[in-house]
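Dear colleague,

Please find below the structure that I am handing over to you. My notes on it follow directly after.

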Amino acid sequence: METILLLANSEADGSLAKPALEALAGAKALSAGLPGSKLVVGLVGQTVQAGADHIASCGASAFLGVAGADFAPARYATDAAAAEALAKAAQATIILAPATSRWNRVLPGVAQRLGGRADTHVTGLSVSNGAPSISRWYYRQRMEAVLQRTQRPWCILVDPGSQSAWQGEPGTAALQSVAVNLPETCKRTTVVGVREPAADAQTIRPDADLLLVAGAGWTKKQADGQAHVKDAERILRECLKLARASLGSSKSLVDLGGEGQAVLSFLTHMNQIGQTGSTPRHPKGLSTCCHGEEPHTVGWRFINERRAINLDPNCGWARGKADVLYVADAFAVMHKVNELLAAKSGA
Ligand SMILES: Cc1cc2nc3c(=O)[nH]c(=O)nc-3n(C[C@H](O)[C@H](O)[C@H](O)COP(=O)(O)OP(=O)(O)OC[C@H]3O[C@@H](n4cnc5c(N)ncnc54)[C@H](O)[C@@H]3O)c2cc1C
């Protein structure tokens with residue numbers, strides 16, 4: 001009989017973020033498929049009651065909490081100690097957590113302390129032949145595997161965006177506080193601040209409906225023999241603003257910056273999609289001035305509807321990588337797209 005612990009942290013305002021609610025939905029589904037199993041919630045943070053109340057109706061048999069100022073920041077030593085204490089208190093055989101940067105770096109170490117095993121980047125949870133199974137992609141999302149393990153406890157990090165977030169009525173959860181004995185050595189690391197781009201400079205939006213990808217073509221000489229990088233910047237910025245899109249890039253384009261060439265000022269390597277870049281999840285993607293080469297498009301695995309604009313009818317997108325390819329000048333097409341978006345938004 002499995003005891004499934006959903007492990008998550010509360011945010012600074014006490015709430016639970018979407019990845020936590022997604023992992024909860026995964027934990028619930030897994031528990032539902034395993035008759036006789038038990039679902040326990042374990043929360044970590046400055047305060048955890050509000051988070052527990054938010055998911056009070058999720059059907060968990062118990063709500064455990066490790067709370068206090070020591071557990072507010074993401075810090076390996078304290079997060080690992082809290083996770084270990086929660087897993088022991090719940091007598092968990094399966095520990096599910098959202099695969100955020102906070103839990104990704106902690107849970108494999110917790111598995112080691114508990115004598116268990118950990119799997120990261122899990123995108124699917126199911127039950128087959130009465131035993132829990134996970135799905136995971138390998139070789140940069142080119143191959144998918146379904147795995148089972150006999151070792152317990154089994155720590156599973158659920159990739160954000162791979163499950164629908166749990167929804168339900170809030171209530172009042174009977175929270176049981178779990179004590180953690182923290183030696184001073186666990187508190188040596190302190191978070192002194194957070195650096196992040198200004199809100200209007202933030203181009204990576206994981207929740208956006210559209211991924212807009214810019215390729216190196218935007219910086220190339222065009223039909224008039226000139227490059228039009230400033231125009232490209234303006235067009236892309238406008239589209240990002242009007243469509244509330246997330247910005248992706250090809251490796252070639254972000255690399256140009258390092259080579260001292262004129263590039264789009266708001267792009268960094270964080271925007272790079274692909275084999276050596278990221279694999280974001282969005283309902284739609286529009287690739288512009290990007291050739292659609294294999295190392296780039298492996299990052300499009302989780303983009304559902306794909307469109308591309310390229311002058312070259314033989315580009316990579318034409319070979320089954322896009323649902324729709326517009327063989328056209330991206331400057332002209334995006335200019336029109338922006339006009340239509342502006343008209344729609346009444347701007
Ligand atoms: C091991 C390895 C890992 C890699 N990892 C990645 C990765 O993670 N991500 C990644 O992106 N790449 C990766 N690459 C590089 C990848 O193979 C390509 O070189 C790169 O993606 C090409 O970028 P691009 O399409 O922007 O540029 P280009 O290949 O230069 O293509 C520019 C395109 O713009 C089009 N164009 C020009 N002007 C216009 C216009 N006005 N309108 C419409 N279209 C126009 C051209 O027709 C051309 O197709 C990797 C390569 C290797 C070897």
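Which of the 28 residues around the ligand come nearest? They are Ala216, Lys220, Gln222, Ser250 and His291; a residue counts as near if one of its heavy atoms lies within 4 Å of the molecule. This is a predicted model, in which local features need pLDDT of at least 70 and side-chain atom pairs count only at pLDDT 80 or more, while totals for chains, interfaces and linings use all residues. Residues are numbered from 1 along each chain as its sequence is written, and side-chain values use heavy atoms, with hydrogens and water left out.

Polar contacts are pairs of N or O atoms within 3.5 Å. An N or O atom in the side chain of serine 250 is 2.4 Å from an oxygen atom of the ligand. For histidine 291, a polar side-chain atom lies 2.6 Å from a ligand oxygen, and for threonine 276 a backbone N or O atom lies 2.7 Å from a ligand oxygen. The protein buries 77% of the 990 Å² that the ligand exposes when taken alone (Shrake-Rupley method, 1.4 Å probe).

The shell around the ligand has 10 nonpolar, 13 polar and 5 charged residues; Asp, Glu, Lys and Arg count as charged, and Gly is among the polar ones. Two or more shell residues come from each of α7 (251–258), α8 (294–297), β13 and α9 (330–345). These elements are DSSP runs numbered from the N terminus, helices being H or I of at least four residues and strands E of at least two.

Strand β13 (residues 303–310) runs parallel to β12 (residues 282–288), joined by 6 bridges. Strand β13 also runs parallel to β14 (residues 324–327), with 4 bridges. Two strands pair if DSSP finds at least two bridges between them. Threonine 288 has isoleucine 309 of β13 as its bridge partner, and asparagine 310 has valine 327 of β14.

Two backbone features remain. The peptide bond from arginine 152 to proline 153 is cis, with omega near -5 degrees, and proline 153 lies in the loop between β7 (143–147) and β8 (154–158). Arginine 244, in the loop between α6 (229–243) and β11 (246–249), has a positive phi, near 50 degrees. Most residues other than glycine have a negative phi, and most peptide bonds are trans.

Yours sincerely

Key
Polar contact = N/O pair within 3.5 Å; in protein donor to acceptor, adjacent residues only side chain to side chain.
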